[in-house]
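Let's walk through this structure together, one part at a time. We will begin with a pair of helices and then turn to charged side chains.

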Amino acid sequence: GEVREAVPHFEAAVRLRPDAADAHYNLGNALRSLGRHEEAIAHYEQALRANPQMPDAEIALGSALESSGRLRDAIAHYAQALRIFPDYAEAHNRLGIALAKSDRPQEAITHFERALRTGAGQPDVHNNLGNALRATGRIQEAIAQYEQALQIDPVSVDAHINLGRTYARTGRLQESIRHFEQALKLNPSSPAVHDDLGMALVMGDRVSEGLAHFQTALRLDPN
């Protein structure tokens, strides 16, 4: 509600200062948070025309483009943010995510590692790096990254899920089940976690328990 109410004020700022990069950038952020991505893109582009040296605007534009399904264009803008500010950890992380989505995990690994070297150790970056490592078959290194994410944030649901899936993939079912159960304690209404846990239980010959979780997943999300 607050963002929606703020939009007219940001629009007024743009009318008063049509060549001000920050006015367009702020309006773009508000529009993007409301899911109005095409309008946000137009204002980020205006901001960058006014000030081409705005890495935050490049990242925001990339994010809006990514949300609109324009992944290749998003990658170009994340890369441009890094040309402006080569050690920008968030830009490395965003570029890594986009490259991973584009089935370029090896390139993604380089950027996630750079993000960890240049910024604070964020659990989401460790998770992202773990996913890219797993995609290239580097399973033990992936596990180490997920465990590092949990050391930083013991209640990271994503890290527990990723460990559960990776352990299941390698046949370590007891450890897999333990992490899915922990993820479920943290997010009991997630149909995906119930489904993951159900599969691990069935693989571990605990069929009736597994079926109960499949039924819960279906109840939570009939589709």
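Helices α10 and α11 are roughly antiparallel to each other, in what is a predicted model. Two packed helices are described by the angle between their axes and the distance between the axes. Here α10 (residues 157–169) and α11 (residues 173–186) pack at about 155°, and their axes are 8 Å apart. The crossing of α10 past α11 is left-handed.

Which residues of α10 and α11 meet? On the α10 side they include Val157, Ile161 and Tyr167, while among those of α11 are Leu173, Phe180 and Leu186. The residues of this contact comprise nine nonpolar, five polar and two charged ones.

Now for the charged side chains. Side chains of opposite charge can pair when their charged atoms come close. The structure holds 12 salt bridges. In one of them, Asp87 meets Arg114 with an N to O distance of 2.8 Å. Asp87 sits in the loop between α5 and α6, and Arg114 belongs to helix α7, so this pair ties together parts 27 residues apart in sequence. Asp87 is partly exposed at 40% relative accessibility, and Arg114 is also partly exposed, at 27%.

Another salt bridge joins Glu90 and Arg94, at 2.7 Å from N to O. These two are four residues apart in helix α6, which means about one helical turn separates them. Glu90 is partly exposed at 31% relative accessibility, and Arg94 is partly exposed at 24%. Elsewhere, salt bridges with shared partners link Glu38, Arg70 and Asp73 into one network.

Terms used
Residues numbered from 1 in each chain as written. Predicted model: local features only at pLDDT ≥ 70, side-chain atom pairs only at ≥ 80, totals over all residues. Heavy atoms only, no water. Axes fitted to C-alpha atoms, helices over the stretch in contact; angles between N-to-C directions. Parallel < 35°, antiparallel > 145°, perpendicular 65-115°, else oblique. Left-handed = near helix turned anticlockwise from the far one by under 90°. Contact = heavy atoms within 4.5 Å. Nonpolar A, V, L, I, M, F, W, Y, C, P; charged D, E, K, R; others polar. Salt bridge = Lys/Arg side-chain N within 4 Å of Asp/Glu carboxyl O. Buried < 20%, exposed > 50% of the residue type's maximum accessible area, 1.4 Å probe, protein only.
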